[in-house]
Amino acid sequence: MKLDTQLLADVTAFLNIEADMLDNKEYLQWLDLWLESGLYIVPVEHNATDYANTLNVAYDDDEMRKLRIERLTSGDAISTQLGEKTVRTMSRFRILDDIDGFVRVRCAYSLYENNKNGLRIYPANLQFKLVRDGGSFKIAEKIVKVMKSSEHLTTVNYLF
Amino acid sequence: MNTEIKVKNLNSTADLVLEDRVHKSLYSNPEIFDEELDKIFNNTWVWVAHESEVPEAGSYKTASIGRQPVIVVRDRKKNIHVMLNRCRHRGATVCEGKSGKTKAFTCPYHGWGYGLDGSLRALPKPEEYENILDKAEFGLVKVRTESYNGMIFATLKDDLESLDEHLGGAKKWIDLFMKQGGGYPLQTLGDHRFRFPGNWKIQLENTTDAYHFPIVHKSFIASVDEEAAEVFDFLDGEGYVEDLGNGHSVMVMIPELVDLEENLDEPIPERFEDLAKSLADEGHSDEEVRRLVRAVGGSGFNLNLFPNIACSMAFFRNLVPISANETEIHHIAIGGKGAPQAFNQKRIRLHEHFQGPMGFGTPDDGEAWERVQAGSMAGTDGWIMVNRGMSKLSTSADGNVKGAVCSETGMRAAYQKYKQMMSVESGK
């Protein structure tokens, strides 16, 4: 199997920026990473495929992403007022395919959260569909398969 | 008003519940929690499933009665059974996972096999049990089960009143709630599950607490259009809370949406115009479009059924006590079986918008509940007040105690039932 190490490096660099923006709550810049038709999905069941007709933890189109960012930043939501600190790490990047301008990539992801209840860890498998945009990418789809999402999570006040 | 009632003069948990207040130790004392499992969850009808969660022969769902794991299953004859999830040999669970479909339950430890009705069918190397084990006596332990309008309840208490008597005045409201399939039978559409570090009664109270809505859910209200925000601005409206007896209560927030089969000629709300158009484009009649659109946002009330289930506007809220200071909540989405895809899809999106771990509503509820649990630890003595609206009670058309929509009438109803059950001596 021949590896396209340049594509892997480009994708990894882009996804590191995406995660860094979320950790640093640069939400407006984060919104700019998206295609307007893009979908941000946190499924409940990891074997689901028809996300539109299945209950998800989150299923955000452009409008819902903007509303969510407004909620996270307005100060109106009592759960966001303490502004939990998060640290995201990613590894095990793998390009799944590169077809018709869309690059699908999968990686391992851990989100560490510190709040008044202590330190919480959410491991997940992340899957992106990226489209080339000049020298960078836009996100066409981000699917976050958080471990235990079908069993029980806690409430969260950020984006996975 | 005397706010200095000293708990040291009280003798039992039941004494910690007064008409207008409950003692804060009810949220955190592990001995009280164990007593609740014994006297409440082991002694009443506990909701375990909606019938649509076990639609076919072999469909099962795992659930719990208090902390006891049970299996809800539909057998080959389509009868529903609730059974303790415990092999009769050495005690292993015979069923894992949330739900699924199976032909039988097989213990993973030594291979004892049970039928869908719980009967012990076969076990490996039976010769060592010759003359000492009658398979007919070693089926999975069945739990008494009764249903009302699709809601399946189970009880460990064989001589308990019927489910029909237990639900009493709540049945009328269950019937109304089930109309939100929009002309189709109600069907569950998956669930959100999350845990919060707090006592189960904090959630029980919350389902009948309209008072918090404009405060806690300010960011949710900001995320909907003006017309919807007006619908949710119900504290000054004509809503009310009724004590339905047996710990049950209903909180009507939006009286216009009590009966979803009425007022079908009302204008289509702007936020549902796209749905109405896509339903019409699919060829649905104007009457059907109106029925579906009226039902899509759910009912205008929360029905709180003591102790563990609520029919809450547009979903089922099932609470599972984990420990004195931890509770698991299931927000179960519902729609119509066989209803147009656009209708069920809209209901799913509305559910995701407010409910669950990343909803625009639930995390703020969770924050308030966590603060209650943490704050209730302050001081060596202290009370939680549930007296709001006590001086302005009236009698409803059904003869029930009735208070304003933001009164704490529903909480008092639940706590008086709690007090009655906790007053019974253990083992009775």
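Both Glu36(B) and Lys201(B) are buried, where buried means under 20% relative accessible area, exposed over 50%, and partly exposed in between (1.4 Å probe, protein chains only). Their side chains meet in a salt bridge, 2.6 Å from N to O. This pair links distant parts of the chain: Glu36(B) sits in helix α1 (residues 30–41) of chain B and Lys201(B) in helix α4 (residues 200–206) of chain B, 165 residues apart.

A word on the background: this is a predicted model, in which local features need pLDDT of at least 70 and side-chain atom pairs count only at pLDDT 80 or more, while totals for chains, interfaces and linings use all residues. Residues are numbered from 1 along each chain as its sequence is written, chains are lettered from A and ligands numbered from 1 in the order in which they are written, and side-chain values use heavy atoms, with hydrogens and water left out.

**The two chains**

Chain A has 3 helices and 6 strands, and chain B has 12 helices and 21 strands; helices (H or I, at least four residues) and strands (E, at least two) are DSSP runs, numbered from the N terminus. Buried residues make up 51% of the 160 residues in chain A and 56% of the 428 residues in chain B. The C-alpha trace of chain B spans about 75 × 70 × 40 Å along its principal axes, and the C-alpha atoms of chain A fill a box of roughly 50 × 30 × 30 Å.

**Salt bridges**

Side chains of opposite charge can pair when their charged atoms come close.

| Pair | N to O distance |
|---|---|
| Asp60(A) and Arg68(A) | 2.5 Å |
| Glu36(B) and Lys201(B) | 2.6 Å |
| Asp159(B) and Lys157(B) | 3.4 Å |

Asp60(A) is buried, at 1% relative accessible area, and Arg68(A) is buried too, at 4%.

**A negative patch**

On the surface, a patch of negative charge gathers residues including Glu226(B), Glu227(B) and Glu230(B). Patches are made of residues with over 30% relative accessible area and no salt bridge, with like charges joined within 9 Å and nonpolar side chains (Val, Leu, Ile, Met, Phe, Trp, Tyr) within 5 Å. Helix α7(B) gives the most to this patch, with 3 residues. Glu227(B) lies in helix α7 of chain B and is partly exposed, at 35%.

Note on methods: Areas by Shrake-Rupley, 256 points an atom, 1.4 Å probe, with all protein chains shown as cover. Salt bridge = Lys/Arg side-chain N within 4 Å of Asp/Glu carboxyl O. Lys, Arg positive; Asp, Glu negative; His and termini not counted. Charge placed at Lys NZ, Arg CZ, Asp CG, Glu CD.
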